[in-house]
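This report is meant for a reader who has not seen the structure before. Please look at the sequence and the model first.

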Amino acid sequence: MYIELHCHSHFSLLDGASTVEQLVEAAHNAGMGGLALTDHNGLYAAPQFFRTAKEAGLKPIVGAELTLEGSFHVTLLVTNSTGYTNLSRLITRAQLAGSKGDPKLTFSDLAERNEGLICLSGCSKGETPSLMLQGRKDEALKAAQKYRSVFGSDRFYIELQHHLHPEDSRLCRQLAEMARALGVRTVATNNVHYVAREDHRLQDILVCIRNRVTLDNSAGFRKPNSEYYLKSADAMHALAHLPQDAISRTLAIAEQCDYDLDFSSYRFPDFPLPEGATAEEYLRRLCLEKARQRFGELNNTLMERLDYEFDLIRGKGLFGYFLIVWDIMEFARKNGILAQGRGSAASSLVAYVLGITPVDPIRHKLFVGRFLNEFGVPDIDIDISTNRREEVIQYVYEKYGREHAAMVCTYVTFRARNAVREVGKVLGLPPPVLDRMAKSLSSYSAAHAIDDLKEIAEFRGYLGSDAWGHFVGMCRKIADFPRHLSIHVGGMIIASRPVSEIVPLEWARAEGRVVCQWDKDGVDDAGLIKVDLLGLRMLSLISDAAEFIEEQQGTPLDLETLPMDDPAVYEMVAKADTIGVFQVESRAQMQSLPRVKPRTLEDLGVEVAIIRPGPLQGNMVHPYMKRRQGIEPVQYLHPLLEPVLEESLGVILFQEQILQVAILIAGFTAGEANKLRKAMGRKNGFVELQKWRGRFTAGAQVKGIGETTANKIFDLIGGFAEFGFCKSHAMSFALLCYRSAFLKHYYPEAFYCALLNNQPMGFYQPEVIINDAKRHNVTILPVDINKSLWQCGVEDKRIRLGFRYVKEMGEDRAGKIIAARLRGAFASLREFCIRTRLDKESIQNLVAVGAFDGIERSRRHLLWELGALQIAGVHGIDLCVSEKVALDDMTVKEETMVDYSIQGFSARRHLIDEYRERLRSMGAVGSSQIERSVSGKSVRIGGLTVCLQMPPTAKGFAFLTLEDEEGLTNVVLRSDVYSEYRQIVRLEPLIVVDGTVQKEDGVTNLIAKRITSL
Ligand SMILES: [Zn+2]
Ligand SMILES: [Zn+2]
């Protein structure tokens, strides 16, 4: 018998070539009773490994392979909870002592935290084996003695690996002899890097990506053969030079490893309470006090809801958690940082009265069971103004201590584009071909990317070749592999004990910031609760716009007390005049707004929720639209559904409705219903969901609902899947949608300026925003060396572009200009050069976008002068400069082109202005004329592609947004048209479309027939 004790998953980043699931399954199939996972310097996969191993009936053994000083490897296995704590701290120490991706641990660190750990001497890079391999027997012995002195002969084993390399038999024999002499035992492992022999090809590719070499040049980096797969007991016993007892000893070692990843003792730090009060008493007191401030006298409905929520919070011991979140929100409020709770938490009255969430759950009839129920623990997600989020994070670190708080990571994985690029590079495919391939992909998933490429004529020539087959296979296999770690958008763990005892910490990329090794799923699998402190740029936008408004009108704009029923605001939204407006600016939203015509905050909530993958998949959108427009009557599958589905006209739109339907129709508890909802969100959601069908129909029967109807209702739920919004979330977002629409309508300069200052955000490029602003009669002033700041600003009702939009500028260079300007305005280019001492390229870019127009109108002359100054040295008196050379000014067209290439847009003109003459001669019309055309008319239009989408739900249709100087046009490409013209559509920025105008319910589309490049 044999259990593998040294095994790498793909969380040994760019080294392991199999997933945790694949390894667990293979170990199970090979008849192993357990498996140890020993990824390099990390416990990334520990929670997932525990979950999948237990599901498969396999004993999970947690461990890691650490890198010691001198690049020596050592294999460590956890035997108990002390061992786990020690391992987690050791990894943290190693990760933080080394640089990113290059962890280092000293032997004395290891010695200090050896308790609860079993130590195996390691692979051929282990200290003892590598010395032995070099023939330095005495030193090898000394090294082994050193480890034995720390771990004792009961917890230190000489690791024997045999991969059929020429030297392996000798090495195993010598190591076994040495072990005998030392009185320690041997153990066999296979240093597994993949499940099956053929996977070594993928492992080679990963190693090449890590070392940035092509496969052809990888000899020194790759493993010499394919023996590093998960071998069965038989395969291990067949290796003649491995002692039998070393193989069977793996079972005894596995037996000693008796640790369960369990954080039930984990808790939040104690919140500092007033003397004598418990967390419950304090929270209740706060809630009642604040509820009275909001509602006045508290009626029965309010009291019952508070009591109900209090019971649930007590049941989970979450009083401290709510206090911590409340305290974070108080900090934000006191410091003028916009922040609001999102997600299911917005359904909680406790969260609302504490000021954590912005929407009144009673008034908007929000169902709390999705957030608080008898199962699971809730996450509270807080959206914070992006540009001030850091202050809030620092507050948490300071309040609870740096040791006790940590950011959750995310794994950057291989998706279609980077898989094609990186695998292709390793295989030596020509870079220009790879570039075109990557840009041609319409799929995000690497697994599907290749099927996608097959459709394209220019790549068809490759299809038959072996190389192509290999390339394709590797891209499929590498799909979704973790590549490296980065910081999660906002997840934070706060704990009463040092976080590094729970999960190892490591450097995030750049920033000098530390993250923990688990992502949000890992944190969830381990049963930890996190607080999500998310940056939301829309909050920054609103807060910036409010500041501009206050500067201009002298009085602050109170967003809290805005009237929420302004018809002019809703009218603008209903016309789909929504570029920049929160959540309703996408093409799909713009298609639906004129039909739905939202008139209230609730309507906006529906609108935010409805144009999403969930409802689209469930085919809820069309019935809802028709019912809303009065084309189809509102109907319910069962009268019992009416109270729950009334607000959404009989269709299911919100996650809460799923829960409520399950409760009403089938008598589920809130917790059961939430499990049902979660089942739908799993990868194999459909299968998971079917497990609930029996429970559902049986429950319905008790309520006197026939099986046919019950099944229909169940299918309705099933069609919805996990993707939908919860209503509480939609309402929080609806509020921001309304506020941003209000700003756009009444304070366009402030709105667009704040929008430009918070890029990238939302759906559109700055180019589109600038042109939309111009169409709303907002004047855009060019960058000016004497007037611009880093950010854009409002100059009496006009927007002055900031230096941030000039290529190669950067905030530091802008800062130098502004600092130099404090001593007076610049009067000449020469003076500017002397006083700012900026590099030539950035000055050149400033000249090119017209930043010196206030001093000298001719950009070309200034560029000449800059060159002359460069040669003469700025102090070189006027010699060259005085010799004026006769140069033609740039034409308007040249200026526009330069603006686009350096700024991405032009403050003065639209790119299509320059093509208008030619377009007219081709018989093309402008976008405003398409708006005025009748349905069915054939037209030609030219423009700039600003957005291309292929939603997975659209059956191969592609949607293109084309912009010209007059506005935007929606172009629809049927799948056959898309396949024919996809390379033009994907790779050419300026195109001409021939098509037919289609008008429906106030929405205009152009159905494309033919597309050419302009
Ligand atoms: Zn190793
Ligand atoms: Zn290893």
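## Basis of the report

This is a predicted model, in which local features need pLDDT of at least 70, side-chain atom pairs count only at pLDDT 80 or more, and totals for chains, interfaces and linings use all residues. Residues are numbered from 1 along each chain as its sequence is written, chains are lettered from A and ligands numbered from 1 in the order in which they are written, and side-chain values use heavy atoms, with hydrogens and water left out.

Six strands form an open sheet in the order 1-2-3-4-5-6, with mixed pairing. Strand 1 (34-40) and strand 6 (185-188) are the edge strands, each pairing on one side only. From one strand to the next the twist averages 35°. Helices (H or I, at least four residues) and strands (E, at least two) are DSSP runs numbered from the N terminus, and two strands pair if DSSP finds at least two bridges between them.

Strand 1 and strand 2 (residues 59-68) run parallel and are joined by seven bridges. Within strand 2, K59 is the residue that stands opposite G34. Helix 2 (residues 46-55) lies across strand 1 and strand 2, at about 150° to strand 2. Helix 7 (residues 168-182) also packs on the sheet; this helix touches strand 5 (156-160) and strand 6, and its direction makes about 165° with that of strand 5. Contact means heavy atoms within 4.5 Å; axes are lines fitted to C-alpha atoms, for helices over the stretch in contact, and angles run from 0 to 180 degrees between N-to-C directions.

Five strands make a closed barrel that runs 17-18-19-21-20, with mixed pairing. Direction ignored, neighbouring strands of this sheet are turned by 55° against each other on average. Strand 19 (residues 967-973) pairs with strand 21 (residues 1003-1013) in the parallel sense over two bridges, and V971 has L1006 in strand 21 as its bridge partner. Helix 23 (residues 587-596) lies across strand 17 (938-949), strand 18 (958-964), strand 19, strand 20 (990-1000) and strand 21, running at about 145° to strand 21. Helix 35 (residues 766-775) packs on the sheet and touches strand 17, strand 18 and strand 19.

Strand 20 is largely enclosed by the rest of the structure, because eight of its eleven residues are buried (under 20% relative accessible area; exposed is over 50%, partly exposed in between, with a 1.4 Å probe and protein chains only). Strand 20 runs antiparallel to strand 17, with seven bridges, and the bridge partner of G943 in strand 20 is I991. Ten bridges join strand 20 to strand 21, also antiparallel; V993 stands opposite I1011 in strand 21. These two strands form a hairpin with two residues between them, and D1001 in the turn has a positive phi of about 50°.

## Helix 38

In helix 38 (residues 840-848), the buried residues are S842, I843, N845, L846, V847 and A848. Their cover includes helix 36 (810-821), helix 37 (829-836), helix 39 and helix 41 (892-903).

## Helix 39 and W864

W864 is placed in helix 39 (residues 859-872). With a relative accessible area of 43%, W864 is partly exposed.
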